[in-house]
Amino acid sequence: MGLVFSRFLRYFVEVARLGSIRRASEHLNVSASAIDRQILQAEAEMGLPLFERLPSGLRMTAAGELLLAAAKSWNKDFARLEESFTDLVGLRRGTVRIACIEALSRGFLPRIVRDIRAELPGIAFEIAVLDNKDVPQALVAGEADFGLMLSPQSSKDLVVRAFVDVEVGLITPPDHALARQRSAKFNQVAGLPMVLPKEPLALAELLQALANATGIDMSSAAGSDNVQMIKSLVEGGVGVGVLSWLDVMNEVQAGSLAFMRLTDAVLRPLNLSLCAVPNRQLSNAAMLVLSRIEASLPTLKHQAAGTN
């Protein structure tokens, strides 16, 4: 970390992480006595022990646990401050942290990262691929600058900066009888073996609601909570799947799957939302990447409308 961090906190965090002043000394290349002196001085000033000194090593006290959590938070804040200082001197550099769902790990987001890196090699990326339900938690915890997720629940902790509707449809191998259609009704799966999405996938609850509304009894040949497994099972002919266009657009374009948009009136499209935490100041690098993604979201809608 370029910005100078408190000497004591650096020592404390390493001792807490390694559970030993000696190991922290070796890692930091600082004498053990200097580290011990800093910790003892801090404990004296606070009037609380930070570690229990045991024959097997050091163990953090409740006060130590609180200080460690605060130190990690300060560390993140210092990193953001350092990026802000970099922005002030006009340099296009910094680290942009993105949380996204698995469906974006191919194609769309990697292309944006590639293009930005080609233009601005000073910008680095940290991308966490998470379950849909975990993206908001990563944003609120400060682990990502912004996130991309499906149909976020309304919350005071998140603001939707942009979104695009994503169609839901049947997926089959390209030689399946249904693959000749551009769209389909859900009752066409009656009696067909199906590969069903399972929780925590966002489609699991939606599909069950659709089955309840239409009275269709789904015949499950297989089920999975992993989108890639569902696609592989459908490609292998195990059954008909139900996924979003976002999940399968690369396979459809490659010709390994066919997608038929479901047109049932009770079904509403999902929306892919670009989310951030309200009132959190983002670095110039993060704002630049966010604006590029926002401008690119409509291409997903266009591709969905123009296929099959």
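Guide: Helices and strands here are DSSP runs, counted from the N terminus, with at least four residues (H or I) for a helix and at least two (E) for a strand. The model you see is predicted. By that numbering, Pro200 sits in the loop between strand 9 (193–197) and helix 7.

Visitor: What kind of peptide bond joins Glu199 and Pro200?

Guide: The bond between Glu199 and Pro200 is cis, with omega at about 15°.

Visitor: And what makes phi of Ser151 worth a look?

Guide: Phi of Ser151 is near 45°, a positive value in a residue other than glycine. Ser151 belongs to the loop between strand 5 and strand 6 (159–166).

Visitor: Which residues lie nearest the centre of the largest pocket?

Guide: Ser151 is one of them, along with Asn132, Leu150, Pro152 and Gln153, from a lining of 22 residues. The volume of this pocket is about 530 Å³.

Visitor: Which helix gives the most to that lining?

Guide: Helix 7 does, with five residues. Helix 6 (135–140), strand 5 (146–150) and helix 7 (202–214) each supply at least two. By class, 13 lining residues are nonpolar, five polar and four charged.

Visitor: Why is the pair of Trp245 and Phe259 called edge-to-face?

Guide: Let's take it in two steps. Ring centres must lie within 6.5 Å to pair, and those of Trp245 and Phe259 are 5.6 Å apart. Planes over 60 degrees apart count as edge-to-face; these stand at 65°, so the pair is edge-to-face. By this rule the count comes to three aromatic pairs.

Visitor: Where in the chain are Trp245 and Phe259?

Guide: Trp245 is in helix 9 (residues 245–254) and Phe259 in strand 12 (residues 258–262), 14 residues apart, and the pair links distant parts of the chain.

Visitor: How do the axes of helix 2 and helix 3 cross?

Guide: The axes of helix 2 (residues 21–28) and helix 3 (residues 32–46) come within 8 Å and cross at roughly 120°. The crossing is right-handed.

Visitor: Which residues make the contact of helix 2 and helix 3?

Guide: Contact requires heavy atoms within 4.5 Å. Helix 2 brings Ile21, Ala24, Ser25 and Leu28, while helix 3 brings Ala32, Ile35 and Asp36. Of these residues, five are nonpolar, one is polar and one is charged.

Note on methods
Residues numbered from 1 in each chain as written. Predicted model: local features only at pLDDT ≥ 70, side-chain atom pairs only at ≥ 80, totals over all residues. Heavy atoms only, no water. Axes fitted to C-alpha atoms, helices over the stretch in contact; angles between N-to-C directions. Left-handed = near helix turned anticlockwise from the far one by under 90°. Nonpolar A, V, L, I, M, F, W, Y, C, P; charged D, E, K, R; others polar. 1 Å grid on protein atoms, 1.4 Å probe; cavity = no way out; pocket = protein on both sides within 12 Å on 5 of 7 lines; lining within 4 Å. Points joined across faces, edges and corners; volume = space filled by probe spheres on them. Phe/Tyr/Trp six-rings, centres within 6.5 Å; stacked < 30°, edge-to-face > 60°.
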